[in-house]
Amino acid sequence: MSNTETDVAALRCGPSVDGGRPAGALGVDVLSAREVPLGGPRAMHVRRTLPQRARTLIGAWCFADHFGPHQVTAQGAMDLPPHPHTGLQTVSWLFSGTFEHRDTLGTHAFIRPGEVNLMTGGYGIAHSEVSTPDTTVIHGVQLWVALPEEHRDAARDFQHHVPELAQVDGAGIRVFLGSLAGQTSPVRTFTPLLGTEIVIEPRATLTLAVDAAFEHGVLVDSGEIGLAGTPLRSAELGYVPPGADTVTMVNETDAPARTILLGGPPFEEEIVMWWNFIGRSHEDIVKAREDWEASSDRFGVIENSPVGRLPAPTLPNAVITPRRNPPTR
């Protein structure tokens, strides 16, 4: 997915947080989302929880968009024309609907609920995502992973995986990246990561053993939960710093609660992130934009694309400065 905001700030890791709530029990920070339109007048709106001033990354997870349920017949389909990426991996996970994916590797694949597509855009890749004609509701998350310095110019790659559903203590778990609850994903990443969909049954309490070296984030898709005693509502993300060897989620309602659990060791490098590019300096971003606008071989060509390329926004009239997380408490 592209960050198709028309007014792209120097990374929106900077501007103020929209309605963030203070830390709750055991130091859980609650990050609220801001709504971002993707595209024109009938744009699909997404709820963005990463990045923001309070937190740029969770592990190497650097971008989290939560969208839908979006009614295609009333609000329009999703149609993201060819657009570029550098220095990152994209992770697509759907709750409903189907997207058609094409990229400059020559990949032609589909993204369906319960299946993960991970695309590596190190030195440069371009792709398009379009909802299929039979899709009536679009609902899911789009996540980005920052590549570490030694791998940020990695070769293009695409991986697809269908994780098994595991039933654990009143919850259904699908591990799409990393390992949890006896499940391990074969999808390759450049830093240790955890990415999991968890559906907690009504009135259930779930305690999971996790890596204490990881920091974790729990994004609530539907319902409400308590995370280590801190209430989280739909579209909020709860952050748990390193040091916890368990994560406990409680659903005290009469309806299931669906969440996305993310994790990884703190990413200590500073990054510059603007539009769809991640680098380490303002100059990295300028060069990537110039290469895209010039139709450079850096990003390749999507064969038989029915629509034209997405133009890059105008750069800000300021130097884009690197950012990292605030110190962990």
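Predicted model: local features only at pLDDT ≥ 70, side-chain atom pairs only at ≥ 80, totals over all residues.
A polar contact is a pair of N or O atoms within 3.5 Å, and within protein one of the two must be able to donate a hydrogen and the other to accept it.

View 1. The side chains of Gln89 and Thr120 are joined by a polar contact of 2.8 Å, and Gln89 itself belongs to strand 6, which covers residues 88–96. With a relative accessible area of 1%, Gln89 counts as buried, because that term applies to values under 20%.

**View 2. The surroundings of Gln89.** Beyond its neighbours within four places in sequence, Gln89 is in contact with residues that include Leu118, Met119 and Thr120, as well as Leu143, Trp144, Arg188 and Phe190. For the pair Gln89 and Met119, a separation of 30 residues in sequence goes with a C-alpha to C-alpha distance of 5.4 Å.

**View 3. Helix 2, residues 282–293.** The 12 residues of helix 2 reach 17 Å from the first C-alpha to the last, which is close to the 16 Å expected at 1.5 Å a residue. Its buried residues are His282, Ile285, Ala288, Arg289, Asp291 and Trp292, and the elements that cover them include strand 5 (79–85), strand 10 (125–131), strand 25 (272–274) and strand 26 (277–279). Ser295, which follows helix 2, has a positive phi near 55°.

View 4. Of the 329 residues in the chain, 56% are buried, and among contacts with a separation of 6 or more, 72% are between residues 24 or more positions apart. The chain exposes about 13000 Å², of which carbon and sulfur atoms supply 51%.

Conventions. Residues numbered from 1 in each chain as written. Heavy atoms only, no water. Buried < 20%, exposed > 50% of the residue type's maximum accessible area, 1.4 Å probe, protein only. Contact = heavy atoms within 4.5 Å. Areas by Shrake-Rupley, 256 points an atom, 1.4 Å probe, with all protein chains shown as cover. Helix = DSSP H or I, 4+ residues; strand = E, 2+ residues; numbered from the N terminus. Expected span 1.5 Å × (residues − 1).
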